[in-house]
Amino acid sequence: MTKQASFTIEPEPIDSPEAQLALGRYIEELNGRFPGGFDTSRAAPPAKDDFTPPAGDFLVVRAEGRVLGCGAVRTEPGGIAEIRRMWIAPELRGRGAGRALLAALEERARRFGCSLIRLDTAAELHEARALYDSAGYREIPAYNDNQYARHWFEKSVR
């Protein structure tokens, strides 16, 4: 468990009520921010067991007794990990939770034996792109068929 001054980050089964609450809020926000809404089936949907150790993990961010963020990491062949479904509630943004969650997901990837992390994001998610850039990710050509993604990134975590 990662504990910051005002929030915690810890593993949570992806099918738990708290994980589903976070994912629901994530989907709700994207639905409002994307022209035409957000359909999870068009976003390169992962399999449920992708986020269960040792294949991956799902983390939940809690603050003030509430679930206010989530993120997932899954492993792929060749020592590659992919970060998915990273989200911080608007009321927690600006307090370091996004950066801490990203670091926790990167640490999980290293524990799973991965040395390269990839992720994608939509053009509308300016805050996410700024975070990834400032955390050392570099933009790369598309590596998946996520219909919402317009930017793909990777970072070495050896």
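Helix α2 is followed by Gly-113, whose phi is positive, near 85 degrees. Helices here are DSSP runs of H or I with at least four residues, strands are runs of E with at least two, and both are numbered from the N terminus. Before I continue, please note that this is a predicted model, in which local features need pLDDT of at least 70 and side-chain atom pairs count only at pLDDT 80 or more, while totals for chains, interfaces and linings use all residues. Residues are numbered from 1 along each chain as its sequence is written, and side-chain values use heavy atoms, with hydrogens and water left out.

Buried means under 20% relative accessible area, exposed over 50%, and partly exposed in between, with a 1.4 Å probe and protein chains only.

In soluble globular proteins, nonpolar side chains tend to be buried together. A nonpolar core is defined as a set of buried Ala, Val, Leu, Ile, Met, Phe, Trp, Tyr and Cys residues joined through side-chain atoms within 4.5 Å. The largest one here has 49 residues, and those with the most contacts inside it are Phe-58, Ile-83, Leu-102, Tyr-132 and Tyr-137. Two or more residues come from each of α1 (17-33), β3 (56-63), β4 (66-76), β5 (80-88), α2 (97-111), β6 (116-122) and α3 (126-134). Helix α2 gives the most, with 7 residues.

What does Phe-58 touch? Leaving aside residues up to four places away in sequence, its partners include Pro-11, Ile-14, Leu-23, Phe-51 and Cys-70, where contact means heavy atoms within 4.5 Å.

How many disulfides does the structure hold? The number is 0, a disulfide being a pair of cysteine sulfur atoms within 2.5 Å. The sulfur of Cys-70 is 20 Å from the closest cysteine sulfur, that of Cys-114, which is too far for a bond. Cys-70 counts as buried because its relative accessibility is 0%, and Cys-114 is buried as well, with a relative accessible area of 5%.

Next, the backbone. The peptide bond from Pro-53 to Pro-54 is cis, with omega near 10 degrees, and Pro-54 lies in the loop between α1 and β3. Glu-64, although not a glycine, has a positive phi of about 55 degrees. Glu-64 sits in the loop between β3 and β4 and, at 58% relative accessibility, counts as exposed. Arg-85 is likewise not a glycine and has a positive phi, of about 50 degrees. Arg-85, however, lies in strand β5 and is buried, at 12% relative accessibility.

I close with strand β8, residues 149-156. Of its 8 residues, 6 are buried, so the strand is largely enclosed by the rest of the structure. Which strands pair with β8? Pairing requires at least two DSSP bridges between two strands. Strand β6 is joined to β8 by 7 bridges, running antiparallel, and Leu-119 stands opposite Phe-153 in β8. Strand β7, residues 138-140, is joined to β8 by 3 bridges, also antiparallel; there, Ile-140 stands opposite Trp-152.
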